[in-house]
Amino acid sequence: MESVVFIFSLIDCCALIFLAVYFIITLSDLECDYINARSCCSKLNKWVIPEVIGHAVVTVLMLISLHWFIFLLNLPIATWNIYRFIMVPSGNMGVFDPTEIHNRGQLKSHMKEAMIKLGFHLLCFFMYLYRLSSCPSSLV
Amino acid sequence: HPTPPPPCRSAALPGSATCTQRACAGRAAPVVPVRRGPAPGAAEPSGTEPGPGAAMAQPAGPAAACPVQNQMMHSSDAQGYNPAVPGSYSHPKVPPHQPSGQYNYSGSQNVSQFNSYQGPGQTLNRPPVAPLSGSPVQQTGPVPQVPPPALQNSAAISSAGSFPPGAGPPMLSNWQYSQSAVSHPAGTPPSHLAPGTGTGSAQPSPSLSGNTNPPGSYQYAASPGGPSLHNSFMKPGSAPPPVTQPLTPLHPPPRPPLGPPPVGVTLFVDFGHYNFCTSSIHLKYLSSLLLATPHPSPAPPNLKMNRNVGYSYPALPPGYQNTSPPGAPGMQASALQYPDGSKHFHQPPLGTNHLTASMGSLSLQQEGLRPVNLLQERNILPTTILQAPVPNLHEDIQKLNCNPELFRCTLTNIPQTQALLNKAKLPLGLLLHPFKDLSQLPVVTSSTIVRCRSCRTYINPFVSFLDQRRWKCNLCYRVNDVPEEFMYNPVTRVYGEPHKRPEVQNATIEFMAPSEYMLRPPQPPVYLFVFDVSHNAIETGYLNTVCKTLLDNLDLLPGNTRTKIGFITFDSTIHFYSLQEGLSQPQMLIVSDIEDVFIPMPENLLVNLNENKELIQDLLRTLPQMFTKSLETQSALGPALQAAFKLMSPTGGRISVFQTQLPSVGMGALKSREEPNQRATAKDIHLTPSTDFYKKLALDCSGQQVAVDLFLLSGQYSDLASLGCISRYSAGSVYYYQSYHHKHNPVQVEKLQKELKRYLTRKIGFEAVMRIRCTKGLSIHTFHGNFFVRSTDLLSLPNVNPDAGYAVQMSVEESLTDMQVVSFQSALLYTSSKGERRIRVHTMCLPVVTTLSDVYAGADVQAITGLLANMAVDRSVSATLSDARDALVNAVIDSLSAYRSSVLSIQQPGLMAPSSLRLFPLYVLALLKQKAFQTGTNARLDERIFTMCQVKNQPLVYLMLMTHPSLYRVDNLTDEGALNINDRTIPQPPILQLSVEKLSRDGAYLMDAGSVMFLWIGKNCGQSFISQVLGVPNYGSIPQNMTHLPELETAESIRTIAFVSWLREQRPFFPILYIIKDDSPLKSSFLQNMIEDRTESALSYYEFLLHIQQQVNK
């Protein structure tokens, strides 16, 4: 059972890592002016909900499988994701708004956020891997 | 400059296909003629459902009835995009708004004729035959290197022939001038051994560029040969004195000499030389030159001399420039300090100059920094309009600097590091008015536009020339080559003077862009008008006014033969108007499917204005009557906008929307969010848009180069916060006429008329982009204004108009060590209404400082207030209004406490502020009391949001007037100190403080609040004023709604009217004058502007100061 949980978390974590990398690449494309703000934001906004769900699922999974430490580790970021999604003003096009992304250093803060998430997911990845390998009923 | 994506020209046909499809589905409404009567275009005149539906099912709708249409489609197509068609975008004619200063030339053509170069500066310390230009150099003797007169004449003639007549004669006269110089070889100084100096010996400020050079400028181009300079320098005083003598009679100095008469005439030669070299050139040359002749004397303070001459605008005639003999050794010494001239060369000249400049304007600095105890100085407001502070640069750089009305920085002394900026607690940013109507604007036509190769900066007056063939970018410091064509100066018609080109002499300049600057042929001017014709709209009667104004100004719409125009009206359905040529009257097509809007016919909805003028006039005359019986109350604004966008997207252009109520059906329908009883609390008011529909649509519009201007004329809440997005992100403008009604509110009618007239006739730029560049180390982090930020520094402006202002906030990313000055450049690339692609470039140069006191000394309080207002609007939208208000107050507290703790050495009691910021608390208080940020019940939500839109979109001058109006007493105007403009005497009464205390019952006061003026008549106002200016017998008989001053024959009336109209002429819009007395309903708006007084919900100025003092001294 334990191993199933961690295998699933591992896969989910991989997806989140890819997503974080995708965010970073797209944002840096915008920074370097390879794409315009409009297309950048519509690309990124598409993936905001999958990210929220992906992370929420792992967090909940950890809660129900009673891995308290991992759950608490994941909780702040999952909460932040949801908070960010809910707090989008009604007139904006999503978390990433093309009309504001160049203002008030938003691009930089989005970039920083994506970097932090990438680091976090990498950490989680190795943690899940370790837990998986140390599982008594390991499949490997 | 990325240019707009190519339009999809094939969109027309799919459009018709859709139409057909829909018609088959039976969803399209019938074709209805505009007038009830026989409709030639429509198959079935009656409004029955199936018949016209079938008619519409024909390909291209009514075209079936009119076979000519297809041809018309093609021909109009051709006219739009085929450059071969006359009247399309090759317009050699000069637009009327650039009266002079047209530097039209085709560089390569003329350069080839001047390949025997006559570069005076170049000959300085090089052998005369220096093969600098690739062309064969033929300088072989003392013969002046002028092309044979015949050749030059032909050149002049050919250029005069191929260019506007205005440019021709000056060229010729200039040529004659240089000929005369040639014919007086005696005019060249004896020491000038180098060839080619004859022509260069005296270049007057050319008549061609009368606008660019100040009248007193005197370009002295005496160019000594290398050896002679050596001689003169090594043996100061040895050169024969009569150098200037033959020259000055030819060109008498236009202003009296300011300094003592020449002392060391030798020096004159050098100074004369400096005149046309940038100081960098001369320093470099000097340094290399003087290595051999060391001179130990230290640099005296009057070093500024060398800067003086650097930009060929010598303040003094050359003969008088050597005011102080010690200047010469000083200069040599300064040159010696930089023996490796080419290495540090961009810095030293500016550095030394800066030093001198600081010394020179020491008093100015001191003035800005003088501590003022705000609590003690009661009369702090200057009695004249506050001028922008002058940057602490040397006067010759400053003279070239951009006009502060166009380009202004909050801190005229740029802090060197972000840490210093943070310490100062003042915002750093720029306020721009880039497309302002200018009376004089140099326009350059050239096949290559010289730009930095790495950062793409346009060459500007603040670049440094390393030598004649290389220049160093002042933004990224890359060394660039001077292209061959740039060596020829079209103004003086001299080769080898790149530093004298108009591009290097003007901080504001316009280039005619060659084809590299367009991705598609320049678009034609396209205007689409979208009118709300629901019952509510008809009730207000606005359509009459608008149609009439439009009819009157149809010929004044900026445009050319390609101008296109179209009309859409909407209530719960959308009505299109076919203005096909050949129709006897316009034809209305109704689309009732508002869920999925389509364009009922591919062509003839946007038609050529000139070819179809009668039909258009016909439509404008009938339009107001057509809907008088309409009972439709719904408003489908969203679908109408979508339709307008679809119609415009192939070309781009301007959509003007007139809306009178909350959109209620279809996409973009809105709900009322205003709760009148919650107005008082600053919380929970809806400043954010409720839907992203308008924003998305605006971005679509922006992508297709369409701008939407919104005219909101409504009595009830219309959610401007949501609607305004359509204009905000498509670079349009918003106009708001609260409670517009043709009968009940005649003042608004007049306002609409005047503003609409200005709106229709003002200049317009299409498919524009603006980029703001700044010196490496600075970066822009927030933009304010109506546009879409397409990439980090590129603003997409589908339309640009002369009444729009922009602001940016900046930060210091890398510290600006080793930099004495920084530069900012805004470049606006647009298509003019004549179909020319043009680039308007403004460049501003500011000094960098390292101490906090200097930062404060250079603070520009108006610009700071303007930028803070923009930031506060953002804050109130992203957070809450009270947050924004707190932030404004904190800005004052923080900056004053930073000043107190870091700059003031002696801690004095009271509230101390540097003199430069002495008006800061007053202006911030004024902002807090302004409609956008005030608390209290009297601001309606739409009005508040409209004021916020204005804060974002108004140029600084008008924003300041709106925030802090000017108050004048006008019942005792005298001619003392009056201005005299065009034989009109304009009295200049002093500006009074905005306090009731300043009002007296026996006076009359004029308050100028930018877009509105109040004339308050005191109860005991002098009888003479009432009868001789207002034209009524006594106070009691002043009518309630008086908005005009009668033109009477009395001196008082003439003075008052002259003053009021002078104020009005200074702005592009028309401020309405309300004449109010004590019982007028508008008295409260007048008193509201009394910023220094206490109101029920806001502090008085003195209380505000006390509050700040308390916080500062904490």
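Across the interface of chain B and chain A of this predicted model, 11 residue pairs, both partners at pLDDT 80 or more, are in polar contact, that is, a pair of N or O atoms within 3.5 Å, where within protein one must be able to donate a hydrogen and the other to accept it, and residues adjacent in sequence count only if both atoms are side-chain atoms. Helix H23 (693-703), strand E23 (778-784) and strand E24 (788-791) of chain B each supply at least two residues of the side that touches chain A; helices (H or I, at least four residues) and strands (E, at least two) are DSSP runs numbered from the N terminus. That side of chain B has 6 nonpolar, 7 polar and 7 charged residues, where Ala, Val, Leu, Ile, Met, Phe, Trp, Tyr, Cys and Pro count as nonpolar, Asp, Glu, Lys and Arg as charged, and the others, Gly among them, as polar.

The contact (heavy atoms within 4.5 Å) takes 20 residues from chain B and 18 residues from chain A. Between the two chains about 1700 Å² is buried, of which carbon and sulfur atoms give 51%; this area is the accessible area (1.4 Å probe) that two parts lose on being put together, summed over both. The count of salt bridges between the chains is 4, each being a side-chain nitrogen of Lys or Arg within 4 Å of a carboxyl oxygen of Asp or Glu. In one of them Lys695(B) pairs with Asp97(A), with the closest N and O atoms 2.9 Å apart.

Chain A has 5 helices and 0 strands, and its C-alpha atoms fill a box of roughly 50 × 30 × 20 Å along the principal axes. Of its 140 residues, 49% count as buried, meaning under 20% relative accessible area, with exposed over 50% and partly exposed in between (1.4 Å probe, protein chains only).

The structure holds 0 disulfides over all chains, a disulfide being a pair of cysteine sulfur atoms within 2.5 Å. Two cysteines illustrate the distances.

Residues are numbered from 1 along each chain as its sequence is written, while chains are lettered from A and ligands numbered from 1 in the order in which they are written. Local features need pLDDT of at least 70, side-chain atom pairs count only at pLDDT 80 or more, and totals for chains, interfaces and linings use all residues, while side-chain values use heavy atoms, with hydrogens and water left out.
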